[in-house]
Amino acid sequence: MSFTVDLILTDVPRDNGTAWRYIEALRDEYYEDKSGAHEKLKKLHAVLIQKYPCLCSYADDDPEMDNSPWADGPIMDNFASKMGMLAIVYSRANEVFPLILEKALALDIIVADGQSEKIYRPGEEQEPN
């Protein structure tokens with residue numbers, strides 16, 4: 001099981017119920033989006049893998065791979081033009097999520113945490129999980 005977050009590059013409705021329905025529709029688009037990663041997601045990727053290397057950077061038999069907080073990879077494959085998704089090993093979520101939140105918001109990326117059903121928007125007061 002993994003802890004997943006959505007990274008959204010479009011405006012999201014303010015009403016929580018409407019927002020989650022919108023995000024669900026965006027996910028449907030995301031799975032069909034072959035246009036490549038948005039530039040902001042590429043910047044976020046660079047920051048995140050500097051601290052926590054992508055699973056794809058390890059050899060298949062490298063025991064250090066087991067220490068990665070990422071639940072899947074390559075991470076870049078999880079990014080598209082309007083949104084991206086990150087999957088974190090659940091036991092590492094409390095460590096990694098605050099970094100994702102900080103860096104994404106700094107890049108004007110909305111972060112949606114489906115586990116807590118919280119939506120974090122740039123420029124708003126933030127309380128992770």
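Predicted model: local features only at pLDDT ≥ 70, side-chain atom pairs only at ≥ 80, totals over all residues.

Visitor: What about Phe3 and Phe97, what kind of pair do they form?

Guide: Phe3 and Phe97 are edge-to-face, 5.5 Å centre to centre and 65 degrees between the planes. Phe3 belongs to strand β1 and Phe97 to helix α3, so this pair ties together parts 94 residues apart in sequence. Both Phe3 and Phe97 are buried.

Visitor: OK, on to that helix. How many residues does α3 have, and how far does it reach?

Guide: Helix α3 runs over residues 93–106, which is 14 residues, and spans 19 Å from its first C-alpha to its last. That is close to the 20 Å expected at 1.5 Å a residue.

Visitor: Which residues in α3 are buried?

Guide: Ala93, Val96, Phe97, Leu99, Ile100, Leu101, Ala104 and Leu105. As a reminder about helices, there are 3.6 residues a turn, so residues three or four places apart point the same way.

Visitor: What covers the buried residues of α3?

Guide: The cover includes β1 (2–8), α2, β2, β3 (110–113) and β4 (118–120).

Visitor: What happens just after α3?

Guide: Asp108 is there, with a positive phi of about 60 degrees.

Visitor: Then let's do β3. Which of its residues are buried?

Guide: β3 is covered on both faces, with Ile110 and Ala112 buried on one side and Val111 and Asp113 buried on the other.

Visitor: In what sense do β1 and β3 pair?

Guide: Antiparallel, over 4 bridges. Val5 stands opposite Asp113 of β3 there.

Visitor: And β3 with β4, how many bridges?

Guide: There are 3 bridges between β3 and β4, and that pairing is antiparallel too. Here Asp113 is opposite Lys118 in β4. The two strands, β3 and β4, form a hairpin with 4 residues between them, and Glu117 in the turn has a positive phi of about 60 degrees.

Visitor: Switching to charges. How many salt bridges does the structure hold?

Guide: It holds 6 salt bridges. Among them, the side chains of Lys82 and Glu29 meet at 2.9 Å, N to O. That pair links distant parts of the chain, with Lys82 in the loop between α2 (39–51) and β2 (83–89), Glu29 in helix α1 (residues 16–32), and 53 residues separating the two.

Visitor: How exposed are Lys82 and Glu29?

Guide: Lys82 is partly exposed at 37% relative accessible area, and Glu29 is partly exposed at 42%.

Visitor: Which other salt bridges can you point me to?

Guide: Glu95 and Arg92 meet in one at 2.7 Å, N to O, and Glu95 counts as partly exposed at 40% relative accessibility. Glu102 and Lys103 form another at 3.7 Å, N to O. Lys103 is partly exposed as well, at 27% relative accessibility. There's also a network, where salt bridges that share partners join Asp6, Glu24 and Arg27.

Visitor: Last topic, cysteines. How many disulfides are there?

Guide: The count is 0 disulfides.

Visitor: Is Cys54 buried or exposed?

Guide: Buried, with a relative accessible area of 4%.

Conventions: Residues numbered from 1 in each chain as written. Heavy atoms only, no water. Salt bridge = Lys/Arg side-chain N within 4 Å of Asp/Glu carboxyl O. Buried < 20%, exposed > 50% of the residue type's maximum accessible area, 1.4 Å probe, protein only. Expected span 1.5 Å × (residues − 1). Contact = heavy atoms within 4.5 Å. Pairing = 2+ DSSP bridges. Phe/Tyr/Trp six-rings, centres within 6.5 Å; stacked < 30°, edge-to-face > 60°. Disulfide = S-S within 2.5 Å.
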